[in-house]
Amino acid sequence: MVQVEDPILTQGYRECARLTKEYGTTYFWGAVLLAKPRRRHVHAVYALCRLADDIVDDQEANVGRSNQEIAARLETFAAGFRSALSAGGSHDPVMAAVIDTVLAADIDPECFDRFFGAMAMDLTTSTYETWSDLCGYMEGSAAVIGEMMLPVLQPLSPNAKEPARSLGLAFQLTNFLRDVNEDLDLGRVYVPQEDLRRFGVDITARTATPEWRAMMAFQIERNRELYRFADTGIPMLPPRSARCVSAARVLYSQILSLIEDVGYDVFSERVRVPTWRKAGIAGRILVAGPSRGQAPKRRISHVARGA
């Protein structure tokens, strides 16, 4: 007998997929390689994180709101999630899909407490003195995303956890390095202050000086070390999950190559891997299998940016 899914759930998963496709294209193209039941779980986790992040970072929606008001909106959202989780469902379609995913994939609810805590931290902390301090923030904003996704990917070994956390950290550090200019507009600096001083960088000048380039080269190597450790977890995943993670890893890490190609000048334009390349890489990995974490040879300066 064919089970008919609750229409609210169907609507919610459809909206989660739309949000992922529109705002998280790397996750979207990576998840294309998963079977549909797990693919939509990836969409649901992404959608929850996206909506919470937007409450804090949507400048247009937050015009005229104090940080206290934004914090209250975030807490209301988090309380709605916790209430829906306790009830086992929600009348809100997206939240219904999120709760269905958390329960079906058996994602530890504690992960979401750390995540909401990190989002709230963005309202009170604008700089980080050391790499260790930044990692403290990224524990809740990035490493925990790897922990949320891992049950969806059904790892073959418990040893996949730390590489999954490392991949979450790697993705976010890549975002930070690409989005320095946009974060300055929000009054935030995620590059550790001790690194800025060590390389003699005035980040507020928004200029790709020799000192800036040297500092960015240091950060990119730090970022690639996170990717290299994350790569050790890919063989611990079932084949389709390994293809999914491998595609996302290759796509994200290409952003670092693009930053190098523009001489580390992230102030003049926001580098971006175009959609056609994302689709092509997903297709190649679908056919050829995981790339074992090895990014393709760089030098992709011919790639159109800003797509």
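How many cavities of 30 Å³ or more does the rule count? I found one.

**Entry: ground rules.** I am working on a predicted model, where local features need pLDDT of at least 70, side-chain atom pairs count only at pLDDT 80 or more, and totals for chains, interfaces and linings use all residues. Residues are numbered from 1 along each chain as its sequence is written, and side-chain values use heavy atoms, with hydrogens and water left out.

**Entry: cavity.** I took a cavity as a set of points, on a 1 Å grid over the protein atoms alone, where a 1.4 Å probe fits but cannot get out. Points are joined across faces, edges and corners, and the volume is the space filled by probe spheres set on them. The largest cavity comes to about 50 Å³. I looked up its lining, meaning residues with an atom within 4 Å of a point. Phe 176, Val 180, Asp 183, Arg 188, Val 189, Tyr 190, Val 191 and Ile 203 line it. I sorted this lining into six nonpolar, no polar and two charged residues. Here Ala, Val, Leu, Ile, Met, Phe, Trp, Tyr, Cys and Pro are nonpolar, Asp, Glu, Lys and Arg charged, and the others, Gly among them, polar.

**Entry: positive phi.** Most residues other than glycine have a negative phi. I noted Gln 154, with a positive phi near 50°. Gln 154 sits in the loop between helix H7 (131–153) and helix H8 (161–178); helices are DSSP runs (H or I, at least four residues), numbered from the N terminus. Gln 154 is partly exposed at 46% relative accessible area (between buried, under 20%, and exposed, over 50%; 1.4 Å probe, protein chains only).

I also noted Arg 206, its phi positive and near 50°. Its loop runs between helix H10 (193–198) and helix H11 (210–231). Arg 206 is partly exposed at 31%.

Methods
1 Å grid on protein atoms, 1.4 Å probe; cavity = no way out; pocket = protein on both sides within 12 Å on 5 of 7 lines; lining within 4 Å. Helix = DSSP H or I, 4+ residues; strand = E, 2+ residues; numbered from the N terminus.
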